[in-house]
Amino acid sequence: MGRLRRGTELRTSPTNTKAFLYMHGIETLKSRIQSGEIIVGASIRMWSTKPQVEQTLLIRDYDYLAVDAQHSPFNEQHLANICEIGNEFGIPVQLRIKHTQFTFTIGNMLDLGPSMIEVPQVETLDTVKDAFANFYYPQKGKRSWGPSRSPQTNEYPGRHEYADWWNSHGVLWMQLESIAAVVQAKQFANAGTDVLSWGPNDLAFNREANPDHFLKTDDDCIKHVLKELEGTKTKICLRTYGDEQLARYEQMGATMFLEETAIASAPEVD
């Protein structure tokens, strides 16, 4: 079933001495994020095959995989397939949904198998609240029941049992891509966001449109968010393009990263 990952354990089959993986990475990921452990994920294409995913997982001890619907072709069957592959390897899959206003689709997307959802271009607290409501089951949120492909459904088969498990293990992201979003980082965190991810290119457009703002550079914005998140369980996730950039952000105080340069991150469509 693949290699042993951090946050997983091995057990031995009673009829076979060969050890095998049994704890899914999502069982510990949220607590590891909140504790400030270094977390690194890899972007892959939604239509990646099992051998391509395995190739990616051999590069580094990745903690999660990320697929994108915002700027890439989106197909629900591809999403279900890549999540099934991820679950076979015991690695959580994150999905960036197509648009900020599509928070109403979050429950449906989760039923196809992701462990994490990222909402792009978040500008308002109302978006965070709506995403939160659609991400969590009652009585925490309003997600509809029907998680046939969701991770760990076999481990927590009862409706209340699974809802309680999901409500304490699912990981909700909001992407900051404007100065208006950056200055609301703490409010977004307090509204239930687990991860605030970075959108440096759209943020650059917005900074250029506001040249007199006190947050003048990308680093200024990152440092501001890191300061605002002190005392919260929410972490910032920065997309990186090499170990040198990752190390620089880590020195600034970031603990969560998404690599965009994995070998198998851009396989050709067969």
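This passage describes the fold, the packing and some local features of a single chain. The model is predicted: local features require a pLDDT of at least 70 and side-chain atom pairs a pLDDT of 80 or more, whereas totals for chains, interfaces and linings use all residues. Residues are numbered from 1 along each chain as its sequence is written, and side-chain values use heavy atoms, with hydrogens and water left out.

The secondary structure consists of eleven helices and ten strands. Here helices (H or I, at least four residues) and strands (E, at least two) are DSSP runs, numbered from the N terminus. Of the 270 residues of the chain, 54% are buried; buried means under 20% relative accessible area, exposed over 50%, and partly exposed in between, with a 1.4 Å probe and protein chains only. The chain exposes about 12,400 Å², and carbon and sulfur atoms supply 50% of this area. Accessible areas come from the Shrake-Rupley method with a 1.4 Å probe, and for residues only the protein chains shown count as cover. Among contacts (heavy atoms within 4.5 Å) between residues at least 6 apart in sequence, 64% join residues at least 24 apart.

Eight strands form a closed barrel in the order β3-β4-β5-β6-β7-β8-β9-β10, with parallel pairing. Two strands are taken to pair if DSSP finds at least two bridges between them. In general, strands of a sheet pair through backbone hydrogen bonds, either parallel or antiparallel. Axes are lines fitted to C-alpha atoms, for helices over the stretch in contact, and angles run from 0 to 180 degrees between N-to-C directions. Helix α3 (residues 76-89) packs on the sheet, where it touches β4 (64-68) and β5 (93-96), and its direction makes about 155° with that of β5.

Strand β6 (residues 116-119) is covered on both faces, with Met 116 and Glu 118 buried on one side and Ile 117 and Val 119 buried on the other. Strands β5 and β6 pair in the parallel sense over three bridges, and Gln 94 stands opposite Met 116 in β6. Strand β6 also pairs in the parallel sense with strand β7 (residues 171-176), over four bridges; the bridge partner of Met 116 in β7 is Val 171. Glu 259 lies in strand β10 and is buried, with a relative accessible area of 5%. Beyond its neighbours within four places in sequence, Glu 259 is in contact with residues including Val 40, Arg 60, Tyr 62, Thr 240 and Asp 243.

Aromatic residues were examined next. Rings of Phe, Tyr and Trp (its six-membered ring) pair if their centres lie within 6.5 Å; planes under 30 degrees apart count as stacked, over 60 as edge-to-face and the rest as tilted. A search of the whole structure finds eleven aromatic pairs. In one of these, Phe 135 and Trp 166 are tilted, at 5.2 Å centre to centre and with 45° between the planes. This pair links distant parts of the chain, since Phe 135 is in helix α5 (residues 125-135) and Trp 166 is in helix α6 (residues 159-169), 31 residues apart. Phe 135 is buried, with a relative accessible area of 0%, and Trp 166 is likewise buried at 0%. The rings of Trp 165 and Trp 166 have centres 6.4 Å apart and planes at 55°, so this pair is tilted. Trp 165 is buried at 5% relative accessibility.

One aromatic cluster includes Phe 132, Phe 135, Tyr 162, Trp 165 and Trp 166. The charged end of Arg 143 sits over the ring of Trp 166, 5.1 Å from its centre; this requires CZ of Arg or NZ of Lys to be within 6 Å of the ring centre and within 35 degrees of the ring normal. The buried residues of α5 include Val 128, Phe 132 and Phe 135, and their cover includes β6, α6 and β7.

Some backbone features lie in loops. Most residues other than glycine have a negative phi, and most peptide bonds are trans. Gln 121, in the loop between β6 and α5, has a positive phi of about 50° although it is not a glycine, and is partly exposed at 32%. The peptide bond from Pro 138 to Gln 139 is cis, with omega near 10°.
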